[in-house]
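I opened a notebook page for this chain and wrote down each thing as I looked it up. The sequence and the structure come first.

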Amino acid sequence: MKSRRKFIQKSLLASVGAAALPNLVTAAHMDALKTKVAANEQINFGLIGCKGMGWSNMNSHLLLPEVNCVALADVDQNVLDQRTADVNQLRGKKPKQYKDYRQMLEDPDIDAVIIGTPDHWHCLNLVDSLSAGKHAYTEKPLANSIEECNLMVKAAERYGKLVQVGQWQRSGSQYEQAINMVKSGKLGNIRLVKTWAYQGWMKPVPVVPDSQPPAGVDYKMWLGPAPDRPFNANRFHFNFRWFWDYAGGLMTDWGVHEIDIALHAMGVSAPKSVMASGGKLAYPDDASETPDTLQTVYEYDGFNMLWEHATGIDGGNYGTTEGIAFIGNNATLVVNRGGWKVIAETENVNGERKEKIESMELVRPEGNAQRIHCKNFVESIKANDPTMLNCGIKTGSIAAINAHMGNVSYKLGEKIYWEADKGKFTNGKANKMIKADYNNGWKLPSV
């Protein structure tokens, strides 16, 4: 039985187009770093926001021999010095340092930038980079508001530069295979898609008093367009994600990854209605603002999608901490960063329970999806072809806008309805929450 199932699994993989992706980062690519690349083939990168995902993305790009890191911009001198040393260790040459990214963008030798700043900075960083003639790889979620998402798409269209959004699951082999299986129709009619992130590693954020910014930090620049307030360590590196001034919590931080795959597989972009419920139910007294527990129901034509997240526990759906499940009449397909599988429905046939389609054991991913995503960006730049991008700006905007809709419903405590042809809600209060809120003399870019 096991060998037969393996044979059927291979057949199914072939039938849904599950060939290995051609741009995997292999040992051969690592060896290529030792070879010289012609000057006219080199791509010079600058990095804006150098600590967490910004550096992770830069590090992945530096696995490619044609990529150079020539400049770093960050408000924290300590981070700048650390990353300067990191680049020097990898490539034997120190990049230039900038405390203000706008000065970095004046360098005509920079071809592309990576944006790894907090969410509330993404729009300004991207529009300024595009207007300066740079291609951009920007972290997700695309922006901190629906208005900014739309503006950033408009900017990419105006300036004609390539933008890859860091939803790197789009470059994972398991997601490509799972999407093809969903589109094949083998699962039967799909009435529900579940998306989720249970994050057991996330513990309560302890309340700490306001304090002076660390030495070397330009805190005024870090705040940028966010409301002015005293420095608090909880709101700074990494944990900014759990405060509304700078980000949208797990709904946008993890939600864009899973929602993106769900919407792409189902061929939709905008819901008819959204209803969210949750709150700080696990850790009501910790310092964070965004909900630690949330369920959001999205209504699309022909199916519903459920987003749910929880911090401090790992008890997610189908025994996984994160993922997407496509629930069809014939079977349920479950996919996450560990792979994908099919759980068949059964029916009574002549007194015996038989599977409607063959179940599939877990199919694990091939290669490192983040590295593949970065390589895809570089190859797209070299070809100057935005259609090659695995996650272009329109794709990133769709995922972010849907995620922000969940937060709008949660904040209002109401079910809200979306008019796709008008690009707005039927609810006036909800429409006010589409807008970006800029402070401290910063203005929403004009495109």
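The entries below go through the record, the sheet, some helices, single residues and charged pairs.

**Entry 1: ground rules.** I am working with a predicted model, in which local features need pLDDT of at least 70 and side-chain atom pairs count only at pLDDT 80 or more, while totals for chains, interfaces and linings use all residues. Residues are numbered from 1 along each chain as its sequence is written, and side-chain values use heavy atoms, with hydrogens and water left out.

**Entry 2: the record.** I looked up UniProt, where an unreviewed entry lists residues 43-166 as "domain: Gfo/Idh/MocA-like oxidoreductase N-terminal"; UniProt positions are given here in the numbering used for this chain, feature names are shortened, and annotations may be inferred rather than shown by experiment. Over residues 43-166 I noted 42% helix and 22% strand, with the end C-alpha atoms 19 Å apart. Helices (H or I, at least four residues) and strands (E, at least two) are DSSP runs, numbered from the N terminus.

**Entry 3: the sheet.** I followed an open sheet of 10 strands with mixed pairing, in the order E16-E13-E12-E11-E7-E10-E9-E8-E17-E18. Strand E16 (360-363) and strand E18 (424-425) stand at the edges with a single partner strand each, so one side of each has no neighbour in the sheet. Two strands pair if DSSP finds at least two bridges between them. Strands of a sheet pair through backbone hydrogen bonds, either parallel or antiparallel.

I then looked at strand E8 (residues 273-279), which runs antiparallel to strand E17 (residues 416-419) and is joined to E17 by two bridges. With strand E9 (residues 293-300), E8 pairs in the antiparallel sense over seven bridges.

**Entry 4: helices.** I checked helix H6 (122-131) and found that eight of its 10 residues are buried, where buried means under 20% relative accessible area, exposed over 50%, and partly exposed in between (1.4 Å probe, protein chains only). Among the buried residues of H6 are His122, Cys123 and Leu124. Just after H6, Gly133 takes a positive phi of about 85 degrees.

In helix H3 (residues 53-61), I listed Gly54, Trp55, Asn57, Met58, Ser60 and His61 as buried. What covers the buried residues of H3 includes strand E1 (43-48), strand E2 (67-73) and helix H4 (77-91).

**Entry 5: two loop residues.** Asp119 lies in the loop between strand E4 (112-115) and H6. I found Asp119 buried but without a salt bridge, since its nearest side chain of opposite charge, Arg241, is 6.3 Å away, and a salt bridge is a side-chain nitrogen of Lys or Arg within 4 Å of a carboxyl oxygen of Asp or Glu. Lys and Arg count as positive and Asp and Glu as negative, with His and the chain ends not counted. Leaving aside neighbours within four places in sequence, Asp119 is in contact with residues including Lys140, Phe240 and Tyr246, where contact means heavy atoms within 4.5 Å.

Asn329 sits in the loop between E11 and E12, and counts as partly exposed because its relative accessibility is 31%. Asn329 and Glu345 are 16 residues apart in sequence and 7.3 Å apart in space, C-alpha to C-alpha. Leaving aside neighbours within four places in sequence, Glu345 is among the contacts of Asn329, as are Leu187 and Lys356.

**Entry 6: charged pairs.** How many salt bridges does a search of the whole structure find? The search finds 18. Asp260 forms one with Arg170, the closest N and O atoms being 2.9 Å apart. This pair links distant parts of the chain, with Asp260 in helix H11 (residues 255-266) and Arg170 in the loop between strand E6 (163-165) and H8, 90 residues apart. Are these two buried or exposed? Both Asp260 and Arg170 are buried.

Glu379 and Lys382 meet in a salt bridge as well (3.5 Å, N to O), and both lie in helix H12 (residues 369-383), three residues apart, about one turn of the helix. An α-helix has 3.6 residues a turn, so residues three or four places apart point the same way. Glu379 counts as partly exposed because its relative accessibility is 25%, and Lys382 counts as partly exposed because its own is 46%.

I also noted a salt bridge between the side chains of Glu419 and Lys422 (3.7 Å, N to O). Glu419 is partly exposed at 23% relative accessibility, whereas Lys422 is exposed at 53%. Salt bridges that share partners join Glu66, Lys375, Glu379 and Lys382 into one network.
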